[in-house]
Amino acid sequence: MERPELSIAVQRAPGETVLKLAGEIDMLTAARLSNAVSDVLTEPPTRIVLDMAGVTFCDSQGLGTLVVLSRKASRAQSVLMLTNVGDFLQRVLDITGLRSALMVR
């Protein structure tokens, strides 16, 4: 079985850091995303944007990680925002009720 991959490209700008994600967010890759956001939060920008355009899959571990990261950013007085959320993930967020727990643009 092939191991899922998640690539994370970080772009910093004044007040905002964008993490462009590509691949799968699941139990094997969620820690990598968590570590990347934690690194950004060492000097928290006003806003952290997770660009989800390249995300092809997100399981329950990935969803839980997004919620935890949103709360962690909030505690650091930063805002975590999801952009370019695909139809499949949009439906999952709606079905699970997590859309109200996450900022989606």
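M27 is placed in the loop that lies between strand 2 and helix 1. The structure is a predicted model, and its sheet is an open one of five strands in the order 1-2-3-4-5, with mixed pairing. Strand 1 and strand 5 (103-104) stand at the edges with a single partner strand each, so one side of each is left without a neighbour in the sheet. The points below take up the loop residue, the sheet, the crossovers and helices, the nonpolar core and the salt bridges in turn.

- Leaving aside residues up to four places away in sequence, M27 touches D59 and Q61.
- Although M27 and D59 are 32 residues apart along the chain, their C-alpha atoms are separated by 7.5 Å.

**Pairing within the sheet**

- Strand 2 and strand 3 run parallel and are joined by nine bridges, and within this pairing G23 stands opposite V55 in strand 3.
- Strand 3 also pairs with strand 4 in the parallel sense, here over five bridges; I48 stands opposite L80 in strand 4, and L50 stands opposite L82 in that strand.
- Strand 4 in turn pairs with strand 5 in the parallel sense over two bridges, with M103 in strand 5 as the bridge partner of M81.
- Strand 4 is largely enclosed by the rest of the structure, because four of its five residues are buried.

**Crossovers and helix packing**

- Between strand 2 and strand 3, which run parallel, the chain crosses through helix 1, and this β-α-β crossover is right-handed.
- Strand 3, helix 2 and strand 4 make a right-handed β-α-β unit, and the chain then crosses from strand 4 through helix 3 to strand 5 in a β-α-β crossover that is also right-handed.
- Returning to the pairing of strand 4 and strand 5, which is parallel, helix 2 packs on the sheet, where it touches strand 2, strand 3 and strand 4, and its direction makes about 180° with that of strand 3.
- Helix 3 packs on the sheet as well, touching strand 3, strand 4 and strand 5, and its direction makes about 105° with that of strand 3.

**The nonpolar core**

- The largest nonpolar core has 27 residues, and those with the most contacts inside it are L19, L21, L33, I48, L50 and M52.
- Two or more residues of this core come from each of strand 1 (6-13), strand 2 (16-25), helix 1 (30-40), strand 3 (47-58), helix 2 (60-75), strand 4 (79-83) and helix 3 (87-96).
- One of the core residues with the most contacts is L50, which touches L19, L21, L33, V37, L66, L80, M81, L82 and T83 when residues up to four places away in sequence are not counted.
- In soluble globular proteins, nonpolar side chains tend to be buried together.

**Salt bridges**

- How many salt bridges does the count come to? The total is three.
- The side chains of R47 and E16 meet in a salt bridge with an N to O distance of 2.6 Å; R47 lies in strand 3 and E16 in strand 2, so this pair ties together parts that are 31 residues apart in sequence.
- R47 counts as partly exposed, at 30% relative accessibility.
- K20 forms a salt bridge with D51, with the closest N and O atoms 3.3 Å apart; because K20 lies in strand 2 and D51 in strand 3, this pair ties together parts that are 31 residues apart in sequence.
- R99 and D94 meet through their side chains in a salt bridge of 3.4 Å, N to O.
- R99 is partly exposed with a relative accessible area of 38%, and D94 is partly exposed with a relative accessible area of 44%.

Definitions and conventions: Residues are numbered from 1 along each chain as its sequence is written. This is a predicted model: local features need pLDDT of at least 70, side-chain atom pairs count only at pLDDT 80 or more; totals for chains, interfaces and linings use all residues. Side-chain values use heavy atoms; hydrogens and water are left out. A nonpolar core is a set of buried Ala, Val, Leu, Ile, Met, Phe, Trp, Tyr and Cys residues joined through side-chain atoms within 4.5 Å. Buried means under 20% relative accessible area, exposed over 50%, partly exposed in between (1.4 Å probe, protein chains only). Contact means heavy atoms within 4.5 Å. A salt bridge is a side-chain nitrogen of Lys or Arg within 4 Å of a carboxyl oxygen of Asp or Glu. Two strands pair if DSSP finds at least two bridges between them. Axes are lines fitted to C-alpha atoms, for helices over the stretch in contact, and angles run from 0 to 180 degrees between N-to-C directions. A crossover is right-handed if, with the strands pointing away from the viewer, the path from the first strand over the helix to the second runs clockwise.
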